[in-house]
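Trainee: I have a structure on my screen and want to learn how to read it. Can we go through it feature by feature?

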Amino acid sequence: ARPGEEIKITEDLSRLLKSPNEVVVASIRTIRGEFKSVPVSLEATGVVTYDTRTIYSIPARVGGRLEKVYLKYAFQQVRKGQKVAEIYSPELVTAQRELLFLLENDPENEQLIHASRNKLELLGLTPSQVNTVVKNRDAQTTFAIYSPYNGYVITGGTAPSVPSAMSPAASTGGGMNDMGGAPASTTAQPASPPSRAASPLVREGDYVSAGETLFQIVNTSALRIELDVPGSDGGSVSSGDTVTLITGESKQRVASVDFVQPFFSEGENFTKVRVYTNETEGLQIGQLVKAMISVRRNESLWVPREAVLELGTQQVVFIKDKEVLKPKTVTTGIRWGGLVEIKSGLASSEEIAANAHYLVDSESFIKPVQ
């Protein structure tokens with residue numbers, strides 16, 4: 001054709017005129033995806049932690065000054081009924097004097113005397129301590145605080161995680177000699193009163209207010225394991241999935257997934273998988289574990305790993321269209337063995353290049369079709 005003369009655009013010529021970053025002319029082996037159910041096991045790493053559902057607190061029933069503190073450091077062992085502190089409280093002194101006044105000046109008024117005794121018990125004294133006050137006819141200036149739980153002292157309500165740490169547990173109890181404590185929760189706690197549990201332990205001479213947490217106690221016999229699963233695979237894990245735990249002594253324990261929580265930290269998406277096991281022998285808080293999570297899968301479309309090209313935030317396959325291969329973005333799921341799960345973007349009837357990496361020299365070469 002002469003310059004400026006119109007040329008008829010045929011199908012073959014149109015294909016050749018396409019931008020080189022939109023199609024690839026090549027003669028390579030093509031395949032089709034296969035719908036099937038693949039038994040998948042995901043690898044995960046985790047850490048042994050204490051069960052946050054059983055963290056208990058020892059609060060101050062009355063405000064005052066701590067004259068003695070017997071718990072000096074984190075993870076100090078505590079037994080139920082053990083004296084953990086002694087407190088001086090003007091409120092307790094006043095309540096004792098009210099009871100003694102009634103006993104001396106109105107001993108027949110059983111109703112008021114009973115109410116006065118109840119007030120002392122509500123402020124944290126045990127019946128035996130009240131009886132001691134009545135017997136001695138003398139108001140005591142300091143009173144002991146006892147632990148209603150067995151366990152270990154912790155300095156915060158958070159637990160170890162990979163690669164950090166975990167959370168706590170405990171028993172039963174009651175009173176200031178039997179000072180009641182409420183189990184801490186993984187959810188937000190009431191804003192008042194302030195708690196020292198997330199900071200260093202209380203010391204002798206510290207002033208505390210009524211309701212303030214003095215100590216948190218965890219029972220290390222109640223353990224759980226927290227596993228970290230990459231965000232791309234975490235969506236496939238669900239409650240009830242079987243988990244095989246591999247600990248340091250190469251012993252395997254079989255458990256099941258209890259809770260799955262999507263998590264975002266330091267710019268990275270991953271999934272926290274919580275596992276409880278009854279076989280706690282040999283496990284220690286902070287111990288690293290490996291796990292294999294058996295994921296229950298429905299039928300889905302699978303292709304070889306080599307057929308999918310990773311472009312940062314995109315995954316691309318090359319679809320055969322007559323004699324050319326066109327790049328197309330797909331959404332992938334689990335990778336297992338040499339296979340990749342295709343969640344969307346590809347039909348089982350479409351042929352794709354068996355090895356996408358042979359078709360490009362650099363990532364900037366292709367412009368995927370949405």
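Trainee: How many bridges join strand S14 to S17?

Mentor: Begin with the terms. Strands (E, at least two residues) and helices (H or I, at least four) are DSSP runs, numbered from the N terminus. Two strands pair if DSSP finds at least two bridges between them. Here, five bridges join S14 (residues 242-246) to S17, and the two run antiparallel. Threonine 244 stands opposite methionine 292 in S17.

Mentor: A word on the source. This is a predicted model, where local features need pLDDT of at least 70, side-chain atom pairs count only at pLDDT 80 or more, and totals for chains, interfaces and linings use all residues. Residues are numbered from 1 along each chain as its sequence is written, and side-chain values use heavy atoms, with hydrogens and water left out.

Trainee: Which way do S4 and S17 pair?

Mentor: Strand S4 (residues 40-50) pairs with S17 in the antiparallel sense, over eight bridges. Leucine 42 has isoleucine 293 of S17 as its bridge partner.

Trainee: Which residues make up the covered face of S17?

Mentor: In S17 (residues 288-295), the covered face holds Val289, Ala291, Ile293 and Val295. The uncovered face holds Leu288, Lys290, Met292 and Ser294.

Trainee: In what order do the strands of the open sheet with S9 come?

Mentor: The order is S9-S8-S6-S11, four strands with antiparallel pairing. S9 and S11 (207-208) are the edge strands, each pairing on one side only. S6 and S11 share two bridges. Glycine 64 has valine 208 in S11 as its bridge partner.

Trainee: Now helices. At what angle do H2 and H3 pack?

Mentor: Axes are lines fitted to C-alpha atoms, for helices over the stretch in contact, and angles run from 0 to 180 degrees between N-to-C directions. H2 (residues 90-105) and H3 (residues 110-122) pack at about 160°, with their axes 9 Å apart. Angles under 35 degrees count as roughly parallel, over 145 as roughly antiparallel, 65 to 115 as roughly perpendicular and the rest as oblique. H2 and H3 are therefore roughly antiparallel.

Trainee: Which residues of H2 and H3 make the contact?

Mentor: Contact means heavy atoms within 4.5 Å. H2 gives Leu92, Ala95, Gln96, Glu98, Leu99, Leu102 and Leu103. H3 gives Leu112, Ile113, Ser116, Arg117, Lys119 and Leu120.

Trainee: Is threonine 332 buried or exposed?

Mentor: Buried means under 20% relative accessible area, exposed over 50%, and partly exposed in between (1.4 Å probe, protein chains only). Threonine 332 has a relative accessible area of 14%, so it is buried. Threonine 332 lies in strand S21 (residues 324-336). Leaving aside neighbours within four places in sequence, its contacts are Val308, Gln315, Val340, Glu341, Ile342 and Lys343. Of the 370 residues of the chain, 42% count as buried.

Trainee: Where is phenylalanine 75 found?

Mentor: Phenylalanine 75 is in the loop between strand S6 (64-69) and strand S7 (77-78). Its relative accessibility is 43%, so phenylalanine 75 counts as partly exposed. Phenylalanine 75 and valine 153 are 78 residues apart in sequence, yet 4.6 Å apart in space, C-alpha to C-alpha.

Trainee: What is phi of arginine 137 near?

Mentor: Most residues other than glycine have a negative phi. Phi of arginine 137 is near 50°, a positive value. Arginine 137 sits in the loop between helix H4 (127-136) and strand S9 (142-146).
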